[in-house]
Structure formats: C-alpha cells, structure tokens
Amino acid sequence: MKILFVGDASNMHNCLAQAMRDLGHTAVVASNGSQWMNTNRDINLKREPGKMGALKYVLNVMRALPQMSNFDVVETCDDIFLDLKPSKVRRVFDWLKRHNRCLVMGALGTDYVYYQACHDGKTYRYSDYMVGDQPSPYALSEEYVNKRDELWGAPFMREHSNYILNNIDGAISCLWEYHECYKPLLGDRLAYGGIPIDTKSVKPHIIDSEPEKVKFFIGIQRDRNILKGTDLLLEAAQRTVERHPDLCELKVVENVPYEKYVKLLSESHVILDQLYSYTPATNALLAMSRGLVAVSGAEPEYYDLIGEHDNQPIINVNPLIDGDIDAKLEWIVLNKSLLPDLSRRSREFVKKHNDAHVVAQRHLEFYEKLLKNDDTRDTYMLPG
C-alpha cells in the first residue's frame, strides 16, 4: 500500500510510518514534527509564529498538496490535522479526499466528540474535564475558563466534526477513551489501533535487583501540566521523597526535545505519567518498553479492550479516590523489591500490545477492510 499520514501526535505517525516501511509498504509523513518534540517527517508542515509565519505556512501547505495525492490510504491526526482554522482544514480535507482512495481519521486526541463525552456524565467516570460530577482542576483554571468558548465545545467545532465524520471512510483510535466515545457513532467503521512503540530500537534497562533508592521520573509539559494531572503527581512524589529521603528520589524535566527526553528516562525506575487517563499513553509506554514501571491510567475497561487479564504491570492511580496517588507511591517505595518483576513485565506488556509492527498490522487490516467495503456509511449529526 501507499499510505500518507497527515499530522502527528507525540511521534505516533512517524513511528507508525517506519513500521509500515519495514512491512514493505510506502509511508509518508506530513507534519509539524509534533510541535516542540521536533519528530521526523517527510514533508515539513511546521508553522512559525507571527503573520509572516502564518502566510508561509499556508503557502507550504499548498505547495505540499501535489505530494499528498494518489495514496491508497490517508490517515489524519484527528479532525484538526493542520495548524489552521477548521474552515481552512476542511478545504485541505476535501482535496485529500478527491485525490486519494481512502480517508481515515486517527482518533488521537481531544476533539469535539471526546470533549462532549467528557461532559455527558455517562461515558467516563472521570476525565481531563470532569472528576465524578465535579469540574477537574483544569476545568476550573483561568486558562480554560478564558478560552472555553473558543475551544472544542464551540458550535463551529460541532459543525466541523459533523462534516469530517460524514466524509471519512473510517476512524482508528489510539486509546480506550477515544475508542469509547466514537464507538456509538461509527460502529464497524471504527477500529482500535493503540499507540506504536519502536521496541526493537529501544535498549531495555530492566531493573535486575532491588534498588537502594527508587528513582522517580516525571516530565512536565507547561501547557498540559494541569490538564493531565501532572501537577498533582509531582506534589505527591515530592511528599513521598520528603517522607522517605533514604528510600527514593525524584528527577523532574520540563519541555525537553524528544531525543533528550528518551535518554533521561534510562536513569530512572518509575515514571509518573498521567492522572486522568484510563490508558497508558506514549510517555508511559515508551518508559515501560525500557523497563521502567509506570504510574498512570490502567483501568479495567482498558485491559478488557485489549484482552489482557494476566499481565497488568501498570500502577493505576484513580483521581476519584482521595490520597490514592500518595498511597500508590508509598506502596512502591515500601515494596521496591517487586520492581525487578514489574520492570520485566512492563517490557513484555509493551512488546505484546504496542510494538510498532503489532500496531501497524492492526492499521493495515483495517485499511484493507475499508478499501474493500462499499461507501454506504450513515449520516451523523452530533448533539450540541
């Protein structure tokens, strides 16, 4: 197949494209390099700041369009896959649809559908925006309150999402959360892909014996700190180190490039990733592939989706339970003799469920199914 990925999220499409090439397919990535991560891409669609940057970006997109035609499959990064307003994204979307065989949306992040599911009071027990029936810290933050009418819940986003859903051939999700909110809308036009990790290129650092001190690691993204609950994980880790300075320590890194971030992981034992997730995401899986133990989301719904009921090495933290983060970190420190076993099982987990070739094969099987199907999809109208 000839496959084009437009947009990227945390290196996912770049990693997936390389796996596709390994399997004998042609794969091209057109993206902004996952913004500050500066990941590899074949067509550079990075937008520079300012009016001149905006003008150059539009011209670069227009010049790149001829290179984005005659593919068997185009997979976009969500429904806003370029750094443009929805009305301009739609024009590129229409062009891609006319000049390629099959158009698939990757459900890889926050969009209108996910945003609505976070607020409907029934899809999730907690999310980035709600914890139980209460707003999350991010939903109460000044940053969100000042922008919420311009963000994912706005009427023009509903219109844009409706348009994309009515014109894609299918969608493929990377997390249980995104799979769950799209399932009622797309049915068999939705598949679960997972997040790809290039495990063959990752040199594992399996914990071979009980460490004298547990080395906790946390990566801070300034613009997502409160959204992902990293602030609360950091505070809990600091309290744990204060209680047990002889048994644990903490390394904190902030907004470093992807390659440097990966190197820093290797010196640690436990990564603190996300609080409001049901599923381990890229950071946690990458760390696990190296033999780190992940403190993140790993709810029963996620294990049921992937069919894993034996090896469940992720330390799940639940924002609905007061003191749960402190309790889980305390447990790790006081049971550090278990880290070697958790380390080995973490690596095995990622190889089984998230190896890039495994995820690529899921995508390929879904692509083949869509290419064989007649275009008989229903019309979707999302609730406001």
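Student: Where in the structure is Asp341 placed?

Tutor: Look in helix H14 for Asp341. A helix here is a DSSP run of H or I with at least four residues, and a strand is a run of E with at least two, both numbered from the N terminus. Keep in mind that this is a predicted model, where local features need pLDDT of at least 70, side-chain atom pairs count only at pLDDT 80 or more, and totals for chains, interfaces and linings use all residues.

Student: Why does Asp341 count as partly exposed?

Tutor: The relative accessibility of Asp341 is 34%. Buried means under 20% relative accessible area, exposed means over 50%, and partly exposed is what lies in between (1.4 Å probe, protein chains only). The 34% falls between those cut-offs, so Asp341 is partly exposed.

Student: How far apart are Asp341 and Asn60 in sequence and in space?

Tutor: They are 281 residues apart in sequence and 50 Å apart in space, going from C-alpha to C-alpha.

Student: What makes Asp326 buried?

Tutor: Asp326 has a relative accessible area of 17%. That is under the 20% limit, so Asp326 is called buried. You'll find Asp326 in helix H13, residues 324-334.

Student: Which residues does Asp326 touch?

Tutor: Ala236, Arg239 and Arg243, if you skip residues up to four places away in sequence. A touch, or contact, means heavy atoms within 4.5 Å.

Student: Back to H14: which strands does H14 lie across?

Tutor: H14 (residues 339-353) lies across S10, S12 (270-272), S13 (293-296) and S14, at about 85° to S13. Axes are lines fitted to C-alpha atoms, for helices over the stretch in contact, and angles run from 0 to 180 degrees between N-to-C directions. Those strands belong to an open sheet of 5 parallel strands in the order S11-S10-S12-S13-S14.

Student: What makes S11 and S14 the edge strands?

Tutor: S11 (248-254) and S14 (315-316) each pair on one side only. Two strands pair if DSSP finds at least two bridges between them. S10 (residues 214-220) has 7 bridges to S11, so by that rule the two are paired.

Student: How do H11 and H14 pack?

Tutor: H11 (residues 282-289) and H14 meet at an angle of about 115°, and their axes are 7 Å apart. Leu285, Met288 and Ser289 of H11 make the contact with Ser346, Arg347, Phe349 and Val350 of H14.

Student: What is the order of strands in the sheet of 7?

Tutor: The order is S3-S2-S1-S4-S5-S8-S9, open, with parallel pairing.

Student: Why do S3 and S9 stand at the edges?

Tutor: S3 (43-44) and S9 (190-192) each have a single partner strand, so one side of each is left without a neighbour in the sheet. Further in, 5 bridges join S1 (residues 2-6) to S2, and Val6 is partnered with Ala30 in S2. Another 5 bridges link S4 (residues 73-77) to S5, where Cys77 stands opposite Gly106.

Student: What does Ser34 count as, buried or exposed?

Tutor: Ser34 has 7% relative accessibility, which is under 20%, so Ser34 is buried. Ser34 sits in the loop between S2 and S3, and its phi is near 55°, a positive value in a residue other than glycine.

Student: Which residues have the most contacts inside the largest nonpolar core?

Tutor: Leu82 and Leu96, in a core of 106 residues. A nonpolar core is a set of buried Ala, Val, Leu, Ile, Met, Phe, Trp, Tyr and Cys residues joined through side-chain atoms within 4.5 Å. Leu82 touches Val6, Leu45, Tyr57, Val61, Val89 and Val92, not counting residues up to four places away in sequence. There is also a second, separate core of 21 residues, with Leu16, Ala27, Ala191 and Leu364 among them.

Key: Residues are numbered from 1 along each chain as its sequence is written. Side-chain values use heavy atoms; hydrogens and water are left out.
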